[in-house]
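Hi there,

Here is the structure I promised to pass on. Have a look at it first, and then read my notes below.

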Amino acid sequence: MKEAKEVQEAKVAKVKLPFKAEDGEKTYRSKVWPGLTLEWREGHLLLEFPAEADSISSAVYGGGVGRLKRAVNQYVSRDYECSNPVQDLENKLQEWGYPLEGCAGLMTAVPLEHAAVAEEDTGSAGIFCCVTAAAGNAARAGSVRSVLTAYRPGTINIMLGIDGWLSQSAMVNAVMTATEAKAAALADLGITDSENGLGATGTTTDAIVIAVSGSRRYAAEHVYAGTATDLGGAIGRLVYSAVTESLRSVEAAKSMSRAEAEASQAARGVDAEVSHVEHGVDAGALQASHSPQPRVSQDGGRE
C-alpha cells in the first residue's frame with residue numbers, strides 16, 4: 001500500500017498558474033507541442049494551435065467534431081444573462097478579430113488568473129492541459145437533483161491539446177479518461193453536491209475541448225486512451241492535477257477575501273467604538289460647558 005502511494009505521488013503532474021506570476025506573464029508557450037500558445041487577453045484565454053487540429057468538444061460555440069485552429073475560454077460574470085450564448089460568443093469573437101471558422105468557444109465564471117496548466121511528453125505524444133475550475137455548483141451525476149432550463153457558463157472547463165496521432169475512438173476515450181480524472185480530483189478534495197451531500201462528479205455546466213495534431217513525429221498510433229495506456233495515464237494525471245490546483249487557487253483567493261473582509265469589519269468596529277467613546281467624552285464636556293453653574297450667595301452659601 002505504501003509503495004502504491006509513493007508511485008502515485010511520484011506520478012503527480014507539475015502544475016503552473018502562469019497568469020498569477022509576479023512578472024505579469026501573459027503568454028504561455030507549450031514545451032511539448034511546438035508552436036502551441038496560451039494567452040491571457042482582455043476577458044478571455046486564447047489557445048492557439050500551430051496548425052489546424054482534429055477536435056472533439058462540448059464547447060458552446062463550435063462544439064462537436066471538426067477541425068480547430070484556436071479555442072477561446074471567455075470570462076463572464078456569475079450573473080451573465082445567458083439566453084443566447086452562441087450569438088454572444090460569436091459577437092465577441094468578431095470583436096476580438098478571430099476568424100469564426102475553426103474556433104471553439106467556452107465560457108467560464110472563474111477569474112482567469114486561476115487557470116492551471118500542466119504538460120507531459122510521454123514519448124509517444126505531447127500533452128498540454130489547461131483547466132479553469134470552481135465548485136460552486138458541484139453536482140453528482142446519477143442522482144436526482146434540479147436541472148437547468150438554460151445554458152450557464154462552464155465552471156470546470158478543460159482544454160486538452162495532444163501532439164500525436166489518435167484515432168477518433170481514442171479521442172472519445174480521451175474525453176472519458178479526462179472526465180474520470182476530474183471526478184477523482186473532486187472526490188479527493190471532498191467536494192459534494194450541495195443538494196444531496198453526495199460526492200460530486202463534476203459541476204452542472206462543465207465543458208471540454210480536445211484537439212489532436214495528427215503528427216507522425218512520434219512513432220505511435222493511439223487507438224486507445226484509457227487509464228491502462230501511456231496516453232490515458234498521462235491525460236488522467238494532467239487533468240487531475242490541473243483541476244486540483246485551479247480549485248485550490250480559487251479557494252485560497254476566497255479565503256483571503258474573507259479574511260480581508262473580516263479584518264476590515266473588525267477595524268470598522270474598533271473605529272466605531274473609539275468614535276463612540278470620543279463622542280461620549282465630547283458630549284460630556286459639551287454638557288458640562290452648558291450646564292448652569294452654581295451661584296454663590298452673598299452669605300457664602302450655594303444656591
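Which side chain makes a polar contact with the side chain of Thr-132? The side chain of Asn-73 does, at 3.1 Å. A polar contact here is a pair of N or O atoms within 3.5 Å; within protein, one must be able to donate a hydrogen and the other to accept it, and residues adjacent in sequence count only if both atoms are side-chain atoms.

Before going on, please note that this is a predicted model, where local features need pLDDT of at least 70, side-chain atom pairs count only at pLDDT 80 or more, and totals for chains, interfaces and linings use all residues. Residues are numbered from 1 along each chain as its sequence is written, and side-chain values use heavy atoms, leaving out hydrogens and water.

Back to Asn-73: a polar contact of 3.0 Å also joins its side chain to that of Asn-157. Thr-132 lies 59 residues from Asn-73 along the chain, with 8.9 Å between their C-alpha atoms. Asn-73 counts as buried because its relative accessibility is 1% (buried means under 20% relative accessible area, exposed over 50%, partly exposed in between, with a 1.4 Å probe and protein chains only).

Asn-73 sits in strand E5, residues 64-75 (strands are DSSP runs of at least two residues, numbered from the N terminus). E5 runs parallel to E6, and six bridges join them (strands pair if DSSP finds at least two bridges between them). Within this pairing, Val-72 stands opposite Gly-105 in E6. Strand E6 covers residues 103-108, and six of its six residues are buried, so it is largely enclosed by the rest of the structure.

Happy exploring!

Definitions and conventions
Helices (H or I, at least four residues) and strands (E, at least two) are DSSP runs, numbered from the N terminus.
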